Amino acid sequence: MGGDVERVGVVGGGRMGAGIAEVCARAGRDTVVVEADAVAARAARERVTASLDRAVARGRLEAADAARALDRLVFTGDLDALAGRQLVIEAVVERPDVKTEVFAALDKVVEDPEAVLATNTSSLPVMRLGRATGRADRVVGLHFFNPVPVLPLVEVVTSLHTSARTARIAEGFVTGALGKTVIRSRDRAGFVVNSLLVPYLLAAVRMAESGFATAEDIDTGMELGCAHPMGPLRLADLIGLDTVASIAESLYDEFREPLYAPPPLLSRMVEAGLLGRKTGRGFHTYDAHTTG
Ligand code: NAI
(Lines give C-alpha, C1' and ligand atoms only; values in the text may rest on other atoms or scores of the structure.)
Protein backbone atom coordinates (compact mmCIF):
# COMPACT_ATOMS: atom_id res chain seq x y z
CA MET A 1 0.00 0.00 0.00
CA GLY A 2 1.29 3.48 -0.80
CA GLY A 3 3.63 1.81 -3.28
CA ASP A 4 1.36 3.08 -6.01
CA VAL A 5 1.89 6.74 -5.08
CA GLU A 6 4.42 7.75 -7.73
CA ARG A 7 3.75 11.47 -8.14
CA VAL A 8 4.22 13.56 -5.02
CA GLY A 9 3.90 17.30 -4.43
CA VAL A 10 5.33 19.30 -1.54
CA VAL A 11 4.12 22.85 -0.78
CA GLY A 12 6.73 24.91 1.04
CA GLY A 13 10.42 24.11 0.65
CA GLY A 14 11.78 25.44 3.96
CA ARG A 15 13.49 23.38 6.64
CA MET A 16 10.78 20.70 6.68
CA GLY A 17 9.49 20.86 3.10
CA ALA A 18 13.00 20.52 1.65
CA GLY A 19 13.63 17.48 3.87
CA ILE A 20 10.31 15.88 2.93
CA ALA A 21 10.96 16.49 -0.78
CA GLU A 22 14.44 15.02 -0.44
CA VAL A 23 13.24 11.76 1.15
CA CYS A 24 10.45 11.40 -1.43
CA ALA A 25 12.91 11.86 -4.32
CA ARG A 26 15.42 9.50 -2.70
CA ALA A 27 12.59 6.95 -2.51
CA GLY A 28 12.28 7.16 -6.31
CA ARG A 29 9.19 9.37 -6.41
CA ASP A 30 8.75 12.09 -8.99
CA THR A 31 8.47 15.14 -6.70
CA VAL A 32 7.31 18.70 -7.39
CA VAL A 33 8.11 21.35 -4.78
CA VAL A 34 6.02 24.51 -4.85
CA GLU A 35 7.39 27.55 -3.06
CA ALA A 36 5.95 31.04 -2.61
CA ASP A 37 7.73 32.35 -5.75
CA ALA A 38 10.58 31.57 -8.15
CA VAL A 39 13.25 33.05 -5.87
CA ALA A 40 12.08 30.97 -2.91
CA ALA A 41 11.92 27.93 -5.22
CA ARG A 42 15.61 28.40 -6.05
CA ALA A 43 16.44 28.64 -2.34
CA ALA A 44 14.53 25.39 -1.74
CA ARG A 45 16.55 23.67 -4.48
CA GLU A 46 19.76 24.87 -2.83
CA ARG A 47 18.58 23.53 0.54
CA VAL A 48 17.93 20.07 -0.90
CA THR A 49 21.18 20.08 -2.90
CA ALA A 50 23.21 21.03 0.20
CA SER A 51 21.53 18.28 2.24
CA LEU A 52 22.19 15.65 -0.46
CA ASP A 53 25.82 16.81 -0.65
CA ARG A 54 26.12 16.44 3.14
CA ALA A 55 24.69 12.90 2.99
CA VAL A 56 27.24 11.99 0.29
CA ALA A 57 30.12 13.59 2.23
CA ARG A 58 29.15 11.60 5.34
CA GLY A 59 29.03 8.36 3.36
CA ARG A 60 25.26 7.92 3.88
CA LEU A 61 24.42 8.22 0.18
CA GLU A 62 26.11 7.32 -3.12
CA ALA A 63 26.86 10.34 -5.33
CA ALA A 64 24.99 8.68 -8.23
CA ASP A 65 21.88 8.22 -6.06
CA ALA A 66 22.04 11.87 -4.99
CA ALA A 67 22.19 12.92 -8.65
CA ARG A 68 19.23 10.67 -9.50
CA ALA A 69 17.21 12.10 -6.59
CA LEU A 70 17.90 15.64 -7.81
CA ASP A 71 16.74 14.66 -11.31
CA ARG A 72 13.39 13.57 -9.90
CA LEU A 73 12.80 16.97 -8.29
CA VAL A 74 11.18 20.03 -9.82
CA PHE A 75 11.11 23.35 -7.94
CA THR A 76 8.62 26.02 -8.96
CA GLY A 77 6.61 28.97 -7.72
CA ASP A 78 3.50 27.78 -9.57
CA LEU A 79 0.89 25.81 -7.60
CA ASP A 80 -0.74 24.64 -10.86
CA ALA A 81 2.25 22.30 -11.27
CA LEU A 82 0.53 20.07 -8.68
CA ALA A 83 -2.45 19.27 -10.94
CA GLY A 84 -1.46 15.64 -11.58
CA ARG A 85 -0.18 14.70 -8.10
CA GLN A 86 -1.46 11.66 -6.17
CA LEU A 87 -0.19 12.89 -2.81
CA VAL A 88 0.54 16.46 -1.77
CA ILE A 89 2.27 17.26 1.53
CA GLU A 90 1.90 20.84 2.75
CA ALA A 91 4.80 22.26 4.79
CA VAL A 92 4.38 26.04 4.59
CA VAL A 93 4.82 28.40 7.55
CA GLU A 94 2.78 27.58 10.67
CA ARG A 95 0.15 30.29 10.07
CA PRO A 96 -3.53 29.33 9.93
CA ASP A 97 -4.36 31.96 7.29
CA VAL A 98 -1.56 30.84 4.95
CA LYS A 99 -2.28 27.13 5.41
CA THR A 100 -6.04 27.56 4.93
CA GLU A 101 -5.40 29.45 1.70
CA VAL A 102 -3.04 26.72 0.48
CA PHE A 103 -5.62 23.97 1.14
CA ALA A 104 -8.40 25.93 -0.57
CA ALA A 105 -6.08 26.36 -3.59
CA LEU A 106 -5.04 22.68 -3.58
CA ASP A 107 -8.70 21.69 -3.66
CA LYS A 108 -9.04 23.58 -6.95
CA VAL A 109 -5.71 22.57 -8.49
CA VAL A 110 -5.28 18.85 -7.68
CA GLU A 111 -7.31 17.06 -10.34
CA ASP A 112 -7.49 13.48 -9.01
CA PRO A 113 -10.45 13.39 -6.60
CA GLU A 114 -8.80 10.41 -4.86
CA ALA A 115 -5.52 12.24 -4.23
CA VAL A 116 -4.43 12.51 -0.60
CA LEU A 117 -3.74 16.00 0.77
CA ALA A 118 -1.49 15.95 3.84
CA THR A 119 -0.30 18.63 6.25
CA ASN A 120 2.92 18.71 8.26
CA THR A 121 1.40 21.15 10.77
CA SER A 122 2.70 20.91 14.35
CA SER A 123 -0.23 22.53 16.08
CA LEU A 124 -3.21 23.36 13.87
CA PRO A 125 -6.25 21.07 13.80
CA VAL A 126 -6.10 18.87 10.68
CA MET A 127 -9.89 19.02 10.60
CA ARG A 128 -9.84 22.80 10.07
CA LEU A 129 -7.49 22.49 7.08
CA GLY A 130 -9.69 19.70 5.70
CA ARG A 131 -12.71 21.98 5.97
CA ALA A 132 -10.94 24.55 3.75
CA THR A 133 -11.38 21.96 0.97
CA GLY A 134 -14.42 20.18 -0.41
CA ARG A 135 -12.73 16.83 0.38
CA ALA A 136 -12.03 16.76 4.13
CA ASP A 137 -12.13 12.95 4.07
CA ARG A 138 -8.93 12.95 1.98
CA VAL A 139 -7.02 15.33 4.26
CA VAL A 140 -4.64 13.86 6.86
CA GLY A 141 -1.75 14.98 9.06
CA LEU A 142 1.74 13.66 8.33
CA HIS A 143 3.97 15.13 11.03
CA PHE A 144 7.64 14.59 10.19
CA PHE A 145 10.56 15.36 12.51
CA ASN A 146 13.55 17.59 11.86
CA PRO A 147 15.94 16.71 10.18
CA VAL A 148 13.58 14.66 8.00
CA PRO A 149 16.27 12.61 6.18
CA VAL A 150 17.65 11.47 9.56
CA LEU A 151 14.74 11.04 12.00
CA PRO A 152 12.69 7.91 11.31
CA LEU A 153 9.37 8.92 12.91
CA VAL A 154 6.18 10.27 11.32
CA GLU A 155 2.97 10.89 13.28
CA VAL A 156 -0.11 10.13 11.21
CA VAL A 157 -2.97 12.32 12.37
CA THR A 158 -6.53 11.57 11.45
CA SER A 159 -9.25 14.18 11.91
CA LEU A 160 -12.91 13.41 12.58
CA HIS A 161 -13.39 13.65 8.81
CA THR A 162 -10.36 11.63 7.57
CA SER A 163 -11.42 8.38 5.87
CA ALA A 164 -9.83 5.03 6.72
CA ARG A 165 -8.71 4.76 3.08
CA THR A 166 -6.87 8.09 3.26
CA ALA A 167 -5.10 7.06 6.47
CA ARG A 168 -4.14 3.73 4.87
CA ILE A 169 -2.65 5.35 1.76
CA ALA A 170 -0.76 7.94 3.80
CA GLU A 171 0.61 5.34 6.22
CA GLY A 172 1.46 2.95 3.40
CA PHE A 173 3.46 5.65 1.65
CA VAL A 174 5.36 6.72 4.74
CA THR A 175 6.29 3.19 5.78
CA GLY A 176 6.47 1.45 2.38
CA ALA A 177 8.04 4.13 0.20
CA LEU A 178 9.92 6.25 2.74
CA GLY A 179 10.80 3.40 5.13
CA LYS A 180 9.81 5.44 8.18
CA THR A 181 8.05 4.32 11.34
CA VAL A 182 4.55 5.56 11.93
CA ILE A 183 2.68 6.25 15.13
CA ARG A 184 -0.96 7.29 15.06
CA SER A 185 -2.49 10.23 16.85
CA ARG A 186 -5.90 11.82 17.13
CA ASP A 187 -6.24 15.40 16.00
CA ARG A 188 -5.24 17.10 19.28
CA ALA A 189 -2.74 19.93 19.68
CA GLY A 190 0.79 18.56 20.02
CA PHE A 191 -0.14 15.05 18.86
CA VAL A 192 1.78 12.38 20.82
CA VAL A 193 5.39 13.54 20.86
CA ASN A 194 5.03 17.27 21.54
CA SER A 195 2.28 16.66 24.14
CA LEU A 196 4.81 14.66 26.14
CA LEU A 197 7.97 16.55 25.26
CA VAL A 198 6.87 20.15 25.72
CA PRO A 199 5.72 19.92 29.39
CA TYR A 200 9.10 18.34 30.15
CA LEU A 201 10.97 21.19 28.44
CA LEU A 202 8.80 23.74 30.26
CA ALA A 203 9.50 22.03 33.60
CA ALA A 204 13.22 22.41 32.92
CA VAL A 205 12.74 26.12 32.11
CA ARG A 206 10.80 26.59 35.39
CA MET A 207 13.57 24.82 37.28
CA ALA A 208 16.22 27.15 35.81
CA GLU A 209 13.95 30.16 36.33
CA SER A 210 13.48 29.45 40.04
CA GLY A 211 17.21 29.06 40.62
CA PHE A 212 16.72 25.45 41.69
CA ALA A 213 19.68 24.40 39.48
CA THR A 214 21.79 25.87 36.69
CA ALA A 215 21.02 25.24 33.02
CA GLU A 216 24.29 23.32 32.73
CA ASP A 217 23.45 21.06 35.69
CA ILE A 218 19.87 20.43 34.52
CA ASP A 219 21.15 19.31 31.12
CA THR A 220 24.02 17.25 32.53
CA GLY A 221 21.57 15.62 34.93
CA MET A 222 19.34 14.32 32.16
CA GLU A 223 22.22 13.45 29.80
CA LEU A 224 24.27 11.47 32.30
CA GLY A 225 21.54 10.40 34.69
CA CYS A 226 18.95 9.29 32.15
CA ALA A 227 21.10 8.71 29.05
CA HIS A 228 19.21 11.35 27.06
CA PRO A 229 21.36 12.41 24.09
CA MET A 230 20.67 16.06 24.92
CA GLY A 231 19.40 17.77 28.08
CA PRO A 232 16.07 19.63 27.96
CA LEU A 233 17.44 23.16 27.77
CA ARG A 234 19.97 22.30 25.07
CA LEU A 235 17.13 20.60 23.18
CA ALA A 236 14.88 23.66 23.61
CA ASP A 237 17.73 25.82 22.24
CA LEU A 238 18.04 23.47 19.25
CA ILE A 239 14.30 23.47 18.48
CA GLY A 240 14.18 27.27 18.88
CA LEU A 241 12.67 28.93 21.95
CA ASP A 242 10.11 30.74 19.79
CA THR A 243 8.94 27.38 18.42
CA VAL A 244 8.81 25.83 21.89
CA ALA A 245 6.78 28.83 23.15
CA SER A 246 4.34 28.69 20.26
CA ILE A 247 3.74 24.93 20.62
CA ALA A 248 3.24 25.47 24.38
CA GLU A 249 0.71 28.20 23.65
CA SER A 250 -1.27 25.99 21.29
CA LEU A 251 -1.24 23.14 23.83
CA TYR A 252 -2.37 25.55 26.55
CA ASP A 253 -5.13 26.94 24.30
CA GLU A 254 -6.38 23.44 23.65
CA PHE A 255 -6.17 21.86 27.12
CA ARG A 256 -5.98 24.82 29.59
CA GLU A 257 -3.62 22.79 31.77
CA PRO A 258 -1.01 24.86 33.74
CA LEU A 259 1.72 22.37 32.79
CA TYR A 260 1.46 23.61 29.18
CA ALA A 261 1.58 27.35 30.04
CA PRO A 262 4.82 28.98 28.81
CA PRO A 263 6.79 30.16 31.87
CA PRO A 264 7.55 33.93 32.02
CA LEU A 265 11.29 33.35 31.46
CA LEU A 266 10.60 31.58 28.16
CA SER A 267 8.28 34.33 26.92
CA ARG A 268 10.78 37.00 27.98
CA MET A 269 13.67 35.28 26.19
CA VAL A 270 11.60 35.06 23.00
CA GLU A 271 10.75 38.77 23.24
CA ALA A 272 14.44 39.50 23.81
CA GLY A 273 15.38 37.64 20.63
CA LEU A 274 17.31 34.97 22.56
CA LEU A 275 15.92 32.06 20.56
CA GLY A 276 18.61 29.44 21.11
CA ARG A 277 21.12 28.10 18.59
CA LYS A 278 19.79 30.03 15.63
CA THR A 279 20.53 33.38 17.34
CA GLY A 280 23.68 32.19 19.12
CA ARG A 281 22.16 32.50 22.60
CA GLY A 282 19.38 30.81 24.53
CA PHE A 283 19.89 28.87 27.77
CA HIS A 284 23.41 28.28 26.48
CA THR A 285 25.62 30.29 24.13
CA TYR A 286 26.80 29.04 20.75
CA ASP A 287 29.57 30.20 18.49
CA ALA A 288 29.23 30.68 14.72
CA HIS A 289 30.27 27.05 14.05
CA THR A 290 27.35 25.53 15.89
CA THR A 291 24.58 27.89 14.78
CA GLY A 292 22.54 27.38 11.66
P1 NAI B 1 10.24 27.30 7.30
O2 NAI B 1 9.93 28.71 7.67
O3 NAI B 1 11.64 26.80 7.28
O4 NAI B 1 9.60 26.98 5.85
C5 NAI B 1 8.35 27.42 5.44
C6 NAI B 1 8.43 27.65 3.94
O7 NAI B 1 7.11 27.88 3.44
C8 NAI B 1 9.27 28.85 3.55
O9 NAI B 1 10.32 28.42 2.69
C10 NAI B 1 8.27 29.78 2.83
O11 NAI B 1 8.85 30.46 1.73
C12 NAI B 1 7.24 28.77 2.36
N13 NAI B 1 5.92 29.36 2.08
C14 NAI B 1 5.27 30.33 2.76
N15 NAI B 1 4.07 30.58 2.17
C16 NAI B 1 3.98 29.76 1.10
C17 NAI B 1 3.00 29.54 0.09
N18 NAI B 1 1.86 30.23 0.10
N19 NAI B 1 3.24 28.62 -0.86
C20 NAI B 1 4.38 27.91 -0.86
N21 NAI B 1 5.35 28.08 0.05
C22 NAI B 1 5.16 28.99 1.03
O23 NAI B 1 9.34 26.42 8.30
P24 NAI B 1 9.51 24.87 8.71
O25 NAI B 1 10.27 24.78 9.97
O26 NAI B 1 9.93 24.11 7.51
O27 NAI B 1 7.99 24.49 9.06
C28 NAI B 1 7.05 24.20 8.07
C29 NAI B 1 5.90 23.43 8.68
O30 NAI B 1 6.39 22.25 9.30
C31 NAI B 1 5.15 24.17 9.79
O32 NAI B 1 3.79 23.82 9.72
C33 NAI B 1 5.78 23.64 11.06
O34 NAI B 1 4.90 23.72 12.19
C35 NAI B 1 5.97 22.18 10.66
N36 NAI B 1 6.98 21.43 11.41
C37 NAI B 1 8.19 22.00 11.74
C38 NAI B 1 9.13 21.26 12.44
C39 NAI B 1 10.47 21.85 12.76
O40 NAI B 1 11.21 21.25 13.56
N41 NAI B 1 10.85 22.97 12.17
C42 NAI B 1 8.89 19.87 12.84
C43 NAI B 1 7.62 19.34 12.37
C44 NAI B 1 6.71 20.12 11.71
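This is a predicted model: local features need pLDDT of at least 70, side-chain atom pairs count only at pLDDT 80 or more; totals for chains, interfaces and linings use all residues.
**A friendly first walk through the model**

1. Now for the wider view. The protein contains 11 helices and eight strands. The C-alpha trace spans about 60 × 45 × 35 Å along its principal axes. For 292 residues, a compact globule would have a radius of gyration near 19 Å, and the protein agrees with this because its own value is 19 Å. Of these 292 residues, 43% count as buried. Among contacts with a separation of 6 or more, 66% are between residues 24 or more positions apart.

2. The chain is divided into two parts that are handy for finding your way: domain 1 (7-186) and domain 2 (195-279). Taken over C-alpha atoms, the centres of domain 1 and domain 2 are separated by 28 Å.

3. Which residues are closest to the ligand? They are G12, G14, M16, S122 and N146, out of 24 that surround it. The elements giving two or more residues to this shell are α1, α4 (96-109) and β6 (139-144). Helix α1 supplies the largest share, with three residues.

4. The peptide bond between N146 and P147 is cis, with omega about 0 degrees. P147 sits in the loop between β6 and β7 (153-158). As background, most peptide bonds are trans.

5. Two residues have backbone angles worth checking. Most residues other than glycine have a negative phi. F191, although not a glycine, has a positive phi of about 50 degrees. R256 is not a glycine either, and its phi is positive at about 55 degrees.

6. Are F191 and R256 buried or exposed? F191, in the loop between β8 (181-186) and α7 (193-209), is buried because 22 other C-beta atoms lie within 10 Å. R256, in the loop between α10 and α11 (264-271), is exposed because it has 9 other C-beta atoms within 10 Å.

7. To finish, visit L241 in helix α10 (residues 241-255). L241 is buried, since 29 other C-beta atoms lie within 10 Å. Leaving aside neighbours within four places in sequence, its contacts include A236, L266, M269, V270 and L274. Of these, L274 is 33 residues away from L241 in sequence, yet their C-alpha atoms are 7.6 Å apart in space.

Notes:
Residues are numbered from 1 along each chain as its sequence is written. Helices (H or I, at least four residues) and strands (E, at least two) are DSSP runs, numbered from the N terminus. The radius of gyration is taken over C-alpha atoms; the globule rule is 2.2 Å times the number of residues to the power 0.38. A residue is buried if 20 or more other C-beta atoms lie within 10 Å of its own, exposed if 12 or fewer, and partly exposed in between; C-beta atoms are placed from the backbone. Two residues are in contact if their C-beta atoms, placed from the backbone, lie within 7 Å. Domain bounds come from an automatic or database domain assignment. A residue is near a molecule or strand if its C-beta atom, placed from the backbone, lies within 6 Å of it.
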